[in-house]
Amino acid sequence: MRYGISIIVVCIAALLAWFNISPAQPEVRYQTQQVDSGAIESVVNTAGTTKAVVTVEVGTEVSGLITELYVDFNDDVAQGQAIAKLDDRTYVARLRQADADVVMAKASLAQQHATHLKAETELARTDRAFQRQQQLMAKSLTNQTELDNAQAAFDTAKAQVSLAKAQIQSADAQLLQRKAQQEQAQLDLDRTTIRSPVNGTVIDRQVDIGQTVAASLSAPTLFTIAQDLSQMQIEADVDEADIGKIQQGQPVRFQVDAYPERQFRGDVAQVRKAATNTNNVVTYKVIINAPNQQQLLLPGMTANLNIVRGQQNDVLRVPNAALRFKPAGIAATPAARTDMAAEVITQLQLSGDSSNAVKQLYKDFAASQQQARTQLTNNPMTDMRQIMAKERQKLQNAMQQVLTEQQYQQYLELNEQRRAKRAQGTAGTAAQLWRLNADGQPESVTIRIGLTNDEYSELLSSELRAGDAVIVRATRVD
């Protein structure tokens, strides 16, 4: 009986021990990568189409049948050179009709001048007759009727002279009108010869001999002439997320499918502000100068572009994988204020109570900022800028109480430098990564990064040095 009880006790103890034994926790191994020194190039990738800087579409202002073509594809042309000819027989006939109308108008003008001369002569004769009747009437050698008839004839002659002058002016106007019609007919005849408006190269021809072209509301395009193929431009579509990184003068590298082993270079000439919305994707046109002295680039080629945003050589850089890493179960925390406190402490060489006081002030400042953001969420009408300005002023007043006069002046200078860097875009962006401490556990490090590419980011702050290992990956080992 006693032996059986012992066995039962042992079994119960074994069961309790079995249930109390917790499963072994898997070991976490961290893979690290060193901070090193090297080159970083930040680029914006896009694509575009090559075009001539100036492309002229040559059309016709008159209608007719194409009878002659003097140039073909790829021919070089000079300004004023004849490149095509329309059937001009209709326009020659119109010009002859206009010439005849001008001759008739000149004859009519000459006739009116003769009429005017005749009227002047008649006026002189009636003037003499009227004066003679007046003299006879003064001597009572004629009657009043004869005098009235002479005056009426004189007045009629003056009216005829005025009429002749008006007819001469009318004939002059008709002559001008006929000459204008003659000039229009001559102009239409000249336009039957199509001439190049610029020096360049024919890159497109859309007509053949025997084809009829009709110029109605718009001039039909006959030829397309590129003014200068030694200088091309590329129209690239840049996404709205990247357009803020593009500035005039930035260098550009690009390739075309025709020469995959060759790299061409250019520069940003213009960032156009007109947006294009295609399937809810907003893009902006960026114009890129592309020298083409060897004329390898042809209009219409697709160019794969790398717009160089910035380039730095021999700078500290951290792998982007370290910036993406975060230990499991740890929420991301804003690092900007901690970094600012550390920067102030380092720059002012604070220690002891002063250092702890500065850390506490920035901690309180971060808490007040979080409270302001909560207030903004609850009340969207809150003026966030005004609240933040007050909080910054409170921080500055508190720092004045903690620091000496000399340290406070240095603190103000540090703030001005930070604002200047922020305005110039050189202050960088706050980021967080992790490294192993002395116990082999991950600890957070707040840094500021500048230029970035697909693999590395430029390290702007001084929390890390070349050779420091940062965590890029974690794996569990059972």
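Tyr362 counts as buried, because its relative accessibility is 2% (buried means under 20% relative accessible area, exposed over 50%, and partly exposed in between, with a 1.4 Å probe and protein chains only). Tyr362 belongs to helix 6, residues 352–378 (helices are DSSP runs of H or I of at least four residues, strands are runs of E of at least two, and both are numbered from the N terminus). Along the chain Tyr362 is 33 residues from Leu395, yet the C-alpha atoms of the two are separated by 7.7 Å.

The model is predicted: local features need pLDDT of at least 70, side-chain atom pairs count only at pLDDT 80 or more, and totals for chains, interfaces and linings use all residues. Residues are numbered from 1 along each chain as its sequence is written, and side-chain values use heavy atoms, with hydrogens and water left out.

The protein chain as a whole contains 8 helices and 19 strands. Of its 478 residues, 32% are buried. Among contacts between residues at least 6 apart in sequence, 74% join residues at least 24 apart (contact means heavy atoms within 4.5 Å).

Two of the helices form a pair. Two packed helices are described by the angle between their axes and the distance between the axes. Helix 2 (residues 89–138) and helix 3 (residues 144–191) pack at about 165°, and their axes are 7 Å apart. Here axes are lines fitted to C-alpha atoms, for helices over the stretch in contact, and angles run from 0 to 180 degrees between N-to-C directions. Helix 2 and helix 3 are therefore roughly antiparallel (angles under 35 degrees count as roughly parallel, over 145 as roughly antiparallel, 65 to 115 as roughly perpendicular and the rest as oblique). By class, the contact of helix 2 with helix 3 has 24 nonpolar, 16 polar and 14 charged residues. In this classification Ala, Val, Leu, Ile, Met, Phe, Trp, Tyr, Cys and Pro are nonpolar, Asp, Glu, Lys and Arg are charged, and the others, Gly among them, are polar.

The lengths of both helices can be checked against an expected span, which is 1.5 Å times one less than the number of residues. The 50 residues of helix 2 should span 74 Å, and the end C-alpha atoms are 73 Å apart, which agrees.

Which residues of helix 3 are buried? They are Leu147, Ala150, Phe154, Ala157, Val161, Ala164, Ile168, Ala171, Leu175, Ala185, Asp188 and Leu189. An α-helix has 3.6 residues a turn, so residues three or four places apart point the same way. The buried residues of helix 3 pack against helix 2 and strand 7 (193–195). Gln184 also lies in helix 3, but Gln184 is partly exposed because its relative accessible area is 40%. Gln184 and Arg94 are 90 residues apart in sequence, whereas their C-alpha atoms are 9.5 Å apart in space.

Backbone angles give another view of the chain. Most residues other than glycine have a negative phi, and most peptide bonds are trans. Asn279 is not a glycine either, and its phi is positive, near 55°. Asn279 sits in the loop between strand 13 (264–278) and strand 14 (281–291), and counts as exposed because its relative accessible area is 73%. Asp314 has a positive phi of about 55° and is placed in strand 15, residues 302–319. With a relative accessible area of 64%, Asp314 is exposed.

Tyr259 occupies the loop between strand 12 (251–256) and strand 13. Its relative accessibility is 25%, so Tyr259 counts as partly exposed. Leaving aside residues up to four places away in sequence, Tyr259 touches Phe264 and Leu296. Tyr259 and Leu297, 38 residues apart in sequence, are 9.3 Å apart from C-alpha to C-alpha.
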